[in-house]
Structures are given as structure tokens and as C-alpha cells.
Amino acid sequence: MAIVASMPRLNLFSSLPSNSPRNDPTASTSSPQPPIPIPKYPPPLKKSKNSESSATSPAFKLPHRRTKYYKPVKDGVLSSEGDRSVLVGENGVSYLLPGAPFEFQYSYSETPKVKPVAIREPAFLPFAPPTMPRPWTGKAPLKKSKKKIPLFGSFNVPPPDKEGAKYLEMTGPFPLGRFPEEGKSIKEILGEPLKKWEIKMLIKPLLSDNRQVNLGRDGLTHNMLELIHSHWRRKPVCKVRCKGIPTVDMDNVCRHLEEKAGGKVIHRVGGIVYLFRGRHYDYRTRPQYPVMLWKPAAPVYPKLIQEAPEGLTKAKADELRKKGKNLLPICKLAKNGVYITLVRDVRTAFEGSPLVKIDCKGMNPSDYKKLGAKLKELVPCVLLSFDDEQILMWRGQNWKSMYPEVPSVSIPAKVDDTNNSDDSGKLDDDCSDPDTNIVHSSPKMMSLWKRAIEANKAILLDELDLGPDDLLRKVEEFENISQATEHSYPALILSREDGADNIISAFEDSSPSESLGEDGTYTDEYEDDDEYEDNEYYDSDSSEEVDASVPLGSLPVDLIADKLDQA
């Protein structure tokens, strides 16, 4: 190491750059040139004021979803581009196009029935502009085909000044927004009502099929109309599965499906709807609607929760909200569930309590707010709060029970037989006293008793002072009558002349969905057919209409014996 230290001007850290002395005249003052030259760009052009003011389309100036854009609106036209306009009315924000059969909306079934207060974005149409030569597909247009396309004679009558001229046109669907002039009405497309076995035959292959239209929190949207027609192109029935908020009011969903799509609901179970296209449906002559290219921003609606709701002061409303914090919810709703029985459950809960709470933990805030708005209209009720992801409702001042009023039953006090005549006089005074014991039965229990009496499952006793033996005798007599009523059924008696014909016709009209079981009996998957009775489009078979002339409590053998005795 001594030898290394004695060497002149030796740097032990040769890997580090050495700093040149400041006073060294040989050091160069110019910086080293970079290996790649820096490109020189022209200066940016100055934007003129005229270019900023001239905008091609308001759709390209779409603000962000979280913007503070707020514009109050009133009923009427917000903006218009010739025949195309944006309207505000009872159905919210709608779009009117020339030749359209109805006003277009983003959602037909889930639009609130309250008029909007303001909009969150500029009013513009979410459809493609009419100046586009073709729909935008993201690809260059195809080259002209060399194949000769056959032309067919047109059904349009030529004008009188061109007699003898023949118009030729190509086959294919009508352009967007145009409808056939000689179109059929909805009744003509549906045709004759479906028979019961036809409905079963159409529904059976779709029970295990996953080809369906999924209907979510937005309900029936505008673009679903074209999707339903694409399902009808291959099958006569379209399966629609509903989940979430629209399942609270399934009647509203079915009504909009029939009005906007043009079909007929032939079967509904839970949140699944089967939509029939019609006997005379033609996919080529279907109405074609323009597709929405984006989802418009939802307008601003009035607040659902008020500090002093209808018929309440602020102090009374706060007191009800405090009571509601300790109230147990009647149910716990899951996300994307089926809430068909929710309205009925809330109405039943209001029979026993003026306040009802529903637990909605885990759901989106917009979902349970829409749910509260629907319950406010369908139950009806007054919304108090959405705190802690729970819906608190009050039944209101004008609430009426679902069940009829039940007369009060007075129970007289027990009297000892050993009392003298003076005590009997006191008894009369006690009976006239208004403080006697009064028993009020539940309205729901009275309705259940009434239903059981009408179904011959219960009996109403005329005499109340019955002994044990007399009461047992009444019970045995009623037991025999109820068993005979339960096991009796109408009998179909056929004569020898038309008996064979009726049996043959009944066999021909039998349902194809019936199958022979292992025990040799016919089994049917569709045992509960009560929903078809209220459907106007459903027409039952003549073989299923049986004259129920057998009196209750008697067997068919008794009726046959009476017929033979009369003969």
C-alpha cells in the first residue's frame, strides 16, 4: 500500500467522473452535443373565437356524469331539429321522431309518473343523425355486389299520368323509421285466441331454455324492442326474465310489453313472462325503430323524503322516525331479487302497526329509492326516511283496512244461580253498563273464518248454549258432510248416441303435454291453470267445459241412480 500511495496523482475511485479544476484554461466551456438532435416543432396555431362558437353537434359536448349541470325545465319542447324534438311531460323526457307510432323513451316501465324538475345534460336526441348514408358499423362499406338481385312488382299504384308504367322494387325490410302502409293491426297479427293445449305446447320447450331477454333495474328499455323481435324471428314465444325493481309491479311490465312490442302475454310465473308474437306475425314487415346510441342522463325529480310529510308536522314526523329506529323490519331484500309479494306484505303489516320498515342492506341507493317510490304509489303510504339502508313508511291518515269492519261481541258477566231476586235486578243494571267486556276479533281472522265457511270446511252454530253431547253430535254430522263434499266431483253423463263422438273429440283435443307415468296414470305439468281464466286471449276447449250440476255433499253415483230411476 505504501508503493501505491507514493504514485503521483493516482485516483483510487476511477469509476467516478473526475471534476476538472475551475482555473484550468484547457477545459472546454461548450456543452456536449446530444446523440439525437432535438426536433423543432412549429408554434401552435391561435384558435379563433368563431371556431369555438360553431359546434357541430351538442352530443359531442356531453358533460361528465358527475357534472353540476342543472337546468330547470317546464312542460313542452326543450329542443328541436326540424321534425325531431325533445319533449318534457307527464312521462318525463321523451323523444319525438317523424313517423313514429309513439313517443320514444329510454325506459318505458320504470319512468316515474312525477314531472321532472330539471335536466342534468343538454337536451339532444340519443339517436343517429338522419344525414348518415348508412348505419355506423365501424367498418368500411362493402363493394357493390356483382350478383343480379331480382326485382318484384310493387304494390303501390302508379299515378294516373303514368298509366301502363310498372314499378319494380327490391325485397327486404323497410328502412328505419318507416312502416308498411298496408300493415295489419295488432288483433289481426295475433289472430284467434290460443287454446289451452297450444299454450302448453309453446311454453314447454322454453322452460329449460336459457335464450331469454333479461330485464333489470331499468325495466323495459327502448333497445329491448328490437331484441324481442330478434327472438321472435326464430321462435313464436319470447321468454323475458325480470329481476330487481320492476318485479314489484309485474302488471305494469306486462302491459308495456304488450303495448310497445305488440305481442300477447300468454303465461307468467314469478318474474318470468312468456310473450307470444301472434299467429300471423311476419318478421319482414315488423316496425323497425332507431336504436339509442347511448344512455341519456336521468332528469332531476322532486325529493321523496320531506321534513314534514302529508298530514304531519315536523315534530310528529321526527317522533315517528325515532320510533322507527327501534322497529324490526318485516323482511330483508336481496340484490336483484324478485319482489312480487312485497306490496301485499306491506299492506298486511299496516294492519297491525302504523309504521313498517324494510331492510335493504347491500342494495344500491338508487335501487331502494326507486323501490320506495313504487311502494308510495302502490300501497299507498308516506315515506319517512332511507337511513341505514332501510325504508321507513307510515300508513298515513287516510288509511283504510283491507278487511271489513267486524262487529264487537259482548261477553256478559257470570251469574250465580243461588242469587236472590235482588241480585237479578243488579244483573240487568250491569248488562246495561257500557263498561262490559267487549272482544274485538282480528279482521284477518274473520276473513279466514268466512272463507272456511264458504268452502264447507267450517260451520256456524246458531245456538250458543249447547251441552257437550249436543256439540259432539253437531261435530259428527258436520264431519260426514265435509268428507262427502271434499270427495265429490261433477259427473259427465253421456247418452249412447252422442257418447262415442264426444269421447273421440275429447281425445283429439287432449293436451300433448300430458305424459304417461310409471303407475299408468296421466300426469300433467300444468296443474294450476287459474291464471288462464282471467285472460281474454285464452279460449278453453269445448271438451273441458263440464256442467257441474251435481249438488254438494252427494256422489256421482247418486246422480246416475236418479237418472236410471227416472228412465
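Colleague: What should the twelve residues of α6 span at 1.5 Å a residue, and how far apart are the end C-alpha atoms?

Modeller: The expected span of a helix is 1.5 Å times one less than its number of residues. For the twelve residues of α6 this rule gives 16 Å, and the end C-alpha atoms are 16 Å apart, which agrees. Helices are DSSP runs of H or I with at least four residues, strands are runs of E with at least two, and both are numbered from the N terminus. This is a predicted model, in which local features need pLDDT of at least 70 and side-chain atom pairs count only at pLDDT 80 or more, whereas totals for chains, interfaces and linings use all residues. Residues are numbered from 1 along each chain as its sequence is written, and side-chain values use heavy atoms, with hydrogens and water left out.

Colleague: Which residues of α6 are buried, and against what do they pack?

Modeller: Buried means under 20% relative accessible area, exposed means over 50%, and partly exposed lies in between, with a 1.4 Å probe and protein chains only. The buried residues of α6 are M250, N252, V253, C254, H256, L257, K260 and A261. They pack against β8 (213-215), α5, β9 (237-242), β10 (264-269), β11 (272-276) and α9, where contact means heavy atoms within 4.5 Å. Just after α6, G262 takes a positive phi of about 95°. For the protein, buried residues make up 26% of the 567 residues.

Colleague: How do the axes of α5 and α6 cross?

Modeller: Two packed helices are described by the angle between their axes and the distance between the axes. Axes are lines fitted to C-alpha atoms, for helices over the stretch in contact, and angles run from 0 to 180 degrees between N-to-C directions. The axes of α5 (residues 224-232) and α6 (residues 250-261) come within 11 Å and cross at roughly 75°. That makes α5 roughly perpendicular to α6; angles under 35 degrees count as roughly parallel, over 145 as roughly antiparallel, 65 to 115 as roughly perpendicular and the rest as oblique.

Colleague: Which residues in α5 and α6 meet?

Modeller: On the α5 side they are L225, I228, H229 and W232, which meet L257, K260 and A261 of α6. By class, this contact has five nonpolar, one polar and one charged residues. Ala, Val, Leu, Ile, Met, Phe, Trp, Tyr, Cys and Pro count as nonpolar, Asp, Glu, Lys and Arg as charged, and the others, Gly among them, as polar.

Colleague: In what order do the strands of the open sheet with β12, β13 and β14 stand?

Modeller: Two strands pair if DSSP finds at least two bridges between them. This open sheet of three strands has the order β12-β14-β13, with antiparallel pairing. Its edge strands, β12 (355-359) and β13 (382-385), each pair on one side only. Neighbouring strands are turned by 30° against each other on average, direction ignored. Between β13 and β14 there are three antiparallel bridges, and S385 stands opposite L392 in β14. Helix α8 (residues 342-350) packs on the sheet, touching β12 and β14, and its direction makes about 145° with that of β12. Helix α9 (residues 365-378) also packs on the sheet, touching β12, β13 and β14, and its direction makes about 20° with that of β14.

Colleague: Is Q390 buried or exposed?

Modeller: Q390, in strand β14 (residues 390-394), is buried, with a relative accessible area of 12%. Residues up to four places away in sequence aside, Q390 touches K357, I358, D359, C360, K361 and S385.

Colleague: Which bond joins V379 and P380, and what is the phi of D388 and of N336?

Modeller: Most residues other than glycine have a negative phi, and most peptide bonds are trans. V379 and P380 are joined by a cis peptide bond with omega of about -10°, and P380 is found in the loop between α9 and β13. D388, in the loop between β13 and β14, has a positive phi near 55° and is exposed, with a relative accessible area of 60%. N336 has a positive phi near 55° and lies in the loop between α7 (314-325) and α8; at 45% relative accessibility, N336 counts as partly exposed.

Colleague: How many bridges join β10 to β11?

Modeller: Five bridges join these antiparallel strands, and V269 stands opposite I272 in β11. Their hairpin has two residues between the strands, and G270 takes a positive phi near 65° there.
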